[in-house]
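Thanks for coming. I will go through one model this morning, starting with its strands and ending with its charged pairs.

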Amino acid sequence: MTTLYVILFIVAALIFLGIFTVKQQTAVIVERFGKFHSTRSSGLQIKIPLVDKIAGKVSLKIQQLDVLVETKTKDDVFIKIKVSVQYQVIKDQVYDAFYKLDNPYTQITSYVFDVVRAEVPKLRLDDVFEKKDDIAIAVRNEVQEAMNTYGYDIIKTLVTDIDPDEQVKHAMNRINASEREKIAAQYEGDAQRILIVEKAKAEAESKRLQGQGIADQRREIAKGLLESVDVLNGVGISSQEASALIVVTQHYDTLQAIGEKSGSKLVLLPNSPTAASEMLNTMVTSFTAANELNNDNKKGS
């Protein structure tokens with residue numbers, strides 16, 4: 001009975017040792033007596049105990065390797081470029097991925113270094129930022145061609161960071177700040193120019209309207225004076241005397257208007273008792289002389 005138990009125990013142990021599971025998106029390499037036997041995919045699997053052994057596991061998931069490369073641009077600027085390589089083991093080439101490469105990360109890193117240091121020295125610093133996608137494509141094409149032989153598929157490569165030397169970054173920031181200040185000054189100058197032009201236009205329009213108002217005012221005054229002369233002519237006063245009378249009347253109206261304002265300043269005008277008479281006589285004499293001169297010119301012509 002004891003022997004039976006021992007046999008059952010051994011059988012159970014062998015069965016237990018012969019059964020294993022493989023996780024999703026994983027491949028297991030099984031070797032028999034140290035030689036490759038088979039590749040097992042996800043699920044429940046069986047191997048022969050003491051004969052077969054699991055040599056290793058290979059992930060079929062997409063993985064990412066970040067490579068930091070320091071190199072120099074065409075204009076002699078040292079920069080650090082971070083390249084992210086997304087890769088995956090080809091399901092049908094698990095054997096190649098497991099046995100042909102001892103360290104795939106080192107292999108991929110070497111190819112990335114080689115391509116980046118061949119492409120970046122052809123470009124100036126500004127062009128590196130603009131053409132980072134071209135650099136990523138060049139890296140992918142080179143690494144893809146090399147790693148396919150070893151069972152690896154390069155899904156995508158990305159240039160995720162470009163880091164120039166610290167002094168270069170400060171210089172670039174100063175250049176950028178100066179350029180922005182220049183643009184701001186140009187905009188401010190344009191704004192000031194527009195304000196000056198608009199102000200000049202407004203002043204010109206104001207002067208035009210003011211002149212038009214003065215012209216209209218004088219036109220109305222002239223009409224009023226003409227009507228006053230006509231009225232005085234109607235009562236037997238000549239045009240010269242009527243004009244002189246109107247001027248004297250306006251003279252006294254002006255004095256009255258100045259006197260009525262509390263804030264008016266001192267104005268010196270001839271205002272003696274004989275001033276008005278002298279002004280009237282002078283104006284009548286001037287009008288008479290002007291009419292005689294005009295008549296003489298007509299007779300002479």
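First, a definition: two strands count as paired if DSSP finds at least two bridges between them. Helices (H or I, at least four residues) and strands (E, at least two) are DSSP runs, numbered from the N terminus.

This is a predicted model, in which local features need pLDDT of at least 70 and side-chain atom pairs count only at pLDDT 80 or more, while totals for chains, interfaces and linings use all residues. Residues are numbered from 1 along each chain as its sequence is written, and side-chain values use heavy atoms, with hydrogens and water left out.

Take the hairpin of strand 6 and strand 7, which has five residues between the strands. Strand 6 covers 63-72 and strand 7 covers 78-89. The two run antiparallel and are joined by ten bridges. Gln63 stands opposite Tyr87 in strand 7. In the loop between these strands sits Asp76, whose phi is positive, about 60°, although Asp76 is not a glycine. Is Asp76 buried or exposed? Asp76 has a relative accessible area of 53%, so it is exposed. The cut-offs are under 20% relative accessible area for buried, over 50% for exposed, and partly exposed in between, with a 1.4 Å probe and protein chains only.

Three strands form it in the order 3-2-5, and the pairing is antiparallel. Strand 3 (35-40) and strand 5 (52-59) are the edge strands, each pairing on one side only. On average, neighbouring strands of this sheet are turned by 30° against each other, direction ignored. The axes here are lines fitted to C-alpha atoms, for helices over the stretch in contact, and angles run from 0 to 180 degrees between N-to-C directions. Strand 2, residues 26-32, pairs with strand 5 over seven bridges in the antiparallel sense. Glu31 stands opposite Lys53 in strand 5.

Leu50 is in the loop between strand 4 (43-46) and strand 5. Leu50 is another residue other than glycine with a positive phi, near 70°, and at 78% relative accessibility it counts as exposed.

Leu50 also belongs to a nonpolar surface patch with Val6, Ile10, Leu14, Phe16 and Leu17, about 640 Å² of accessible area together. Patches take residues with over 30% relative accessible area and no salt bridge, joining like charges within 9 Å and nonpolar side chains (Val, Leu, Ile, Met, Phe, Trp, Tyr) within 5 Å. The areas come from the Shrake-Rupley method with a 1.4 Å probe, and for residues only the protein chains shown count as cover. Ile10, in helix 1 (residues 2-18), is partly exposed at a relative accessible area of 45%.

Last, the salt bridges, meaning a side-chain nitrogen of Lys or Arg within 4 Å of a carboxyl oxygen of Asp or Glu. How many salt bridges does this rule give? The count is five. One of them joins the side chains of Asp52 and Arg32, at 2.5 Å from N to O. Asp52 lies in strand 5 and Arg32 in strand 2, so this pair ties together parts that are 20 residues apart in sequence. Asp52 is buried, at 4% relative accessibility, and Arg32 is partly exposed, at 27%.

Lys100 and Asp96 form a salt bridge at 3.6 Å, N to O. Lys100 is partly exposed at 45%, whereas Asp96 is buried at 16%. Glu119 and Lys122 meet at 3.9 Å, N to O. Of these two, Glu119 is partly exposed at 27% and Lys122 is exposed at 55%.
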